[in-house]
Amino acid sequence: MEGKEEDVRLGANRYSERQPIGTAAQGAGDDKDYKEPPPAPLFEPGELKSWSFYRAGIAEFVATFLFLYITILTVMGVSKSSSKCATVGIQGIAWSFGGMIFALVYCTAGISGGHINPAVTFGLFLARKLSLTRAIFYIVMQCLGAICGAGVVKGFQQGLYMGNGGGANVVASGYTKGDGLGAEIVGTFILVYTVFSATDAKRNARDSHVPILAPLPIGFAVFLVHLATIPITGTGINPARSLGAAIIYNKDHAWNDHWIFWVGPFVGAALAAIYHQVIIRPNPFKSRS
């Protein structure tokens with residue numbers, strides 16, 4: 001198992017061939033000039049004996065830790081100011097989330113696939129891009145990293161942290177739980193669909209002449225979703241991020257709507273996986289030679 005390619009490769013293009021762009025690319029039939037990995041097995045016990053498996057989990061932990069640390073600090077900086085004009089504002093918060101995802105996915109893509117989000121891991125698992133063993137391990141490490149990241153922020157600025165909501169996700173006043181759930185479903189759908197599209201083997205081969213890094217559209221999707229949904233839920237779309245902030249803040253209102261930030265992202269991720277694998281891709285969920 002040592003040296004095995006990771007489940008999801010982002011960033012560098014591995015396919016030197018070029019395909020026609022547009023409708024001409026749809027008629028390639030079986031003469032593919034790109035390769036797709038076979039579906040991952042449901043259980044892969046051999047992974048547990050591989051150092052690369054644990055290294056990937058550590059990478060997810062550290063990435064999620066850094067993600068929470070920087071983004072929650074940004075939220076606290078905006079919250080403590082009496083004048084939003086004196087801070088980076090909502091746009092700056094959105095940039096901190098999107099920018100950190102761009103940087104961290106770029107850094108960890110070749111190690112773990114750069115998920116940094118249980119919803120992304122869940123969507124890729126449904127598409128059989130990774131085993132259940134690895135998916136569970138990633139989600140646990142992501143949640144632990146998020147808890148530690150939020151905990152460090154609280155340790156540095158406890159008064160500020162506890163006095164300004166701790167970055168916990170809640171449904172804002174004036175919106176219903178249904179509004180919050182819908183925002184989380186659609187926001188996560190956009191993110192996970194972008195992940196599938198940016199890492200698609202066919203797209204990488206067809207667009208090999210386009211010098212673009214997959215983490216860029218993923219980070220930009222996170223930025224745009226935050227711009228739209230911060231006023232509604234504070235933007236979850238990442239159950240680990242919501243859990244870490246809720247546990248460290250640990251006030252009743254942080255838990256009242258917490259289920260929304262698990263159900264919404266997981267439903268959105270499942271819809272994105274089904275849409276991409278069944279509608280966008282031919283031969284969904286079939287083994288490929």
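What follows is a short chat about a predicted protein model.

Trainee: What should I know about the model before reading values off it?
Mentor: The model is predicted, so local features need pLDDT of at least 70 and side-chain atom pairs count only at pLDDT 80 or more, while totals for chains, interfaces and linings use all residues. Residues are numbered from 1 along each chain as its sequence is written, and side-chain values use heavy atoms, with hydrogens and water left out.

Trainee: How many helices and strands in the protein?
Mentor: The protein has 11 helices and zero strands; helices are DSSP runs of H or I with at least four residues, strands are E runs of at least two, and both are numbered from the N terminus.

Trainee: What share of the residues is buried?
Mentor: Of 289 residues, 51% are buried, meaning under 20% relative accessible area with a 1.4 Å probe, protein chains only.

Trainee: Switching to Asn117. Buried or exposed?
Mentor: Asn117 counts as buried because its relative accessibility is 4%. Asn117 sits in the loop between α2 (89-112) and α3 (118-126).

Trainee: Which residues does Asn117 touch?
Mentor: Leaving out residues up to four places away in sequence, Asn117 touches Gln142, Leu191, Ile237, Asn238 and Pro239; a contact means heavy atoms within 4.5 Å.

Trainee: And Ala119, how far is its backbone nitrogen from the side chain of Asn117?
Mentor: A polar atom of the Asn117 side chain lies 2.8 Å from that nitrogen.

Trainee: What about α9, how many of its residues are buried?
Mentor: In α9 (residues 239-249), 10 of 11 residues are buried, including Pro239, Arg241 and Tyr249.

Trainee: What is at the start of α9?
Mentor: A side-chain oxygen of Asn238 comes within 3.1 Å of the backbone nitrogen of Ala240. After α9 comes Asn250, with a positive phi near 55°.

Definitions and conventions:
Buried < 20%, exposed > 50% of the residue type's maximum accessible area, 1.4 Å probe, protein only. Polar contact = N/O pair within 3.5 Å; in protein donor to acceptor, adjacent residues only side chain to side chain.
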